[in-house]
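Got a model open and wondering where its labels come from? Let's take a few of them and check each against its cut-off.

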Amino acid sequence: MAAFIPFKLSLLLSLLSNIGFLPETSKNDVGIFPPTCNRIECPSFDLIEVGNGYEIRRYNSTIWVTTSPIQDISLVEATRTGFLQLFDYIQGKNKYKQQIEMTAPVITEVLPSDGPFCESSFRISFYLPKVNQANPPPAEGLHIQKWKSTYLAVRQFSGFVTDYNVGVEAAALEASLADTVWSPAIKKSQKDETTSVYLVAQYNSPFEFSGRVNEIWMLADLEDELLPV
């Protein structure tokens with residue numbers, strides 16, 4: 001457990017800092033393995049396709065601990081708020097008083113608002129390590145979510161996550177999928193016809209200024225037997 005403390009504290013500082021003013025690069029790519037996943041546990045997936053600016057992945061059944069919806073105009077601020085709740089949870093603020101290892105990525109589900117000055121709704125999640133998935137500790141105000149086999153369209157980008165660049169990257173992912181066989185499955189997964197739902201996955205500590213990997217995830221409503229051929 002002690003070996004993970006520096007990483008936990010650095011990631012905490014990342015989300016407590018005003019990361020919108022930290023240096024970032026503009027490189028966008030696919031197929032980059034997050035270095036963080038060499039150090040701590042990340043959910044496994046099968047790579048289905050690599051396209052022009054996107055990947056299609058199939059994640060195996062996973063368990064996540066998730067906040068209640070947080071209303072805010074800022075993804076950065078909402079992620080900070082939710083991260084603190086989840087960090088307390090893995091430090092033992094749960095029904096079993098059990099400490100849980102840090103994992104990656106931290107994901108933020110985004111249900112965008114109708115306007116630039118309106119609050120959006122965000123839910124922040126930690127992936128639970130395999131050792132805790134059989135009996136996840138409950139906690140007040142948090143929810144245990146089980147994802148069955150899940151298909152995601154993914155776009156990677158580097159640098160630090162800001163309120164501006166997540167919107168740009170989400171729009172770029174949506175555009176790259178527009179004329180592909182995956183587009184109907186993405187649209188089908190949306191909660192309604194007017195709101196695009198996506199997730200932002202963050203992998204790195206704040207002190208890693210190179211090799212940073214972030215991702216935009218969009219759910220695809222797709223069954224194995226319906227995979228394009």
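Predicted model: local features only at pLDDT ≥ 70, side-chain atom pairs only at ≥ 80, totals over all residues.

Q: What makes up the protein chain in terms of helices and strands, and how much of it is buried?
A: The chain has 4 helices and 11 strands. Of its 229 residues, 51% are buried, meaning under 20% relative accessible area.

Q: What share of the contacts in the protein chain with a separation of 6 or more comes from residues 24 or more positions apart?
A: That share is 76%. A contact here means heavy atoms within 4.5 Å.

Q: How do you know that the span of helix H3 agrees with what its residues should give?
A: H3 runs over residues 163–177, which is 15 residues, and at 1.5 Å a residue they should span 21 Å. The end C-alpha atoms are 22 Å apart, so the two values agree.

Q: Which residues of H3 are buried, and why can they be said to line one face?
A: The buried ones are Asn165, Val166, Glu169, Ala170, Leu173, Ser176 and Leu177. Looking down the axis of H3, they fall within an arc of 135 degrees, so they line one face of the helix. The general rule behind this: an α-helix has 3.6 residues a turn, so residues three or four places apart point the same way. As for the face of H3 turned away from the buried side, Tyr164 and Ala175 are the exposed residues there.

Q: Why is leucine 47 called partly exposed?
A: Its relative accessible area is 46%. Buried would need under 20% and exposed over 50%, so a value in between counts as partly exposed. Leucine 47 sits in strand S2 (residues 45–50). Together with Phe45 and Val50, Leu47 forms a nonpolar patch on the surface, with about 260 Å² of accessible area in total.

Q: What makes the bond between alanine 104 and proline 105 stand out?
A: This peptide bond is cis, with omega at about 0 degrees. In general, most peptide bonds are trans. Proline 105 lies in the loop between helix H2 (75–90) and strand S6 (106–111).

Notes
Residues numbered from 1 in each chain as written. Heavy atoms only, no water. Helix = DSSP H or I, 4+ residues; strand = E, 2+ residues; numbered from the N terminus. Buried < 20%, exposed > 50% of the residue type's maximum accessible area, 1.4 Å probe, protein only. Expected span 1.5 Å × (residues − 1). Arc of directions from axis to C-beta. Patch = residues over 30% accessible without salt bridge, like charges linked within 9 Å, V, L, I, M, F, W, Y side chains within 5 Å. Areas by Shrake-Rupley, 256 points an atom, 1.4 Å probe, with all protein chains shown as cover. Salt bridge = Lys/Arg side-chain N within 4 Å of Asp/Glu carboxyl O.
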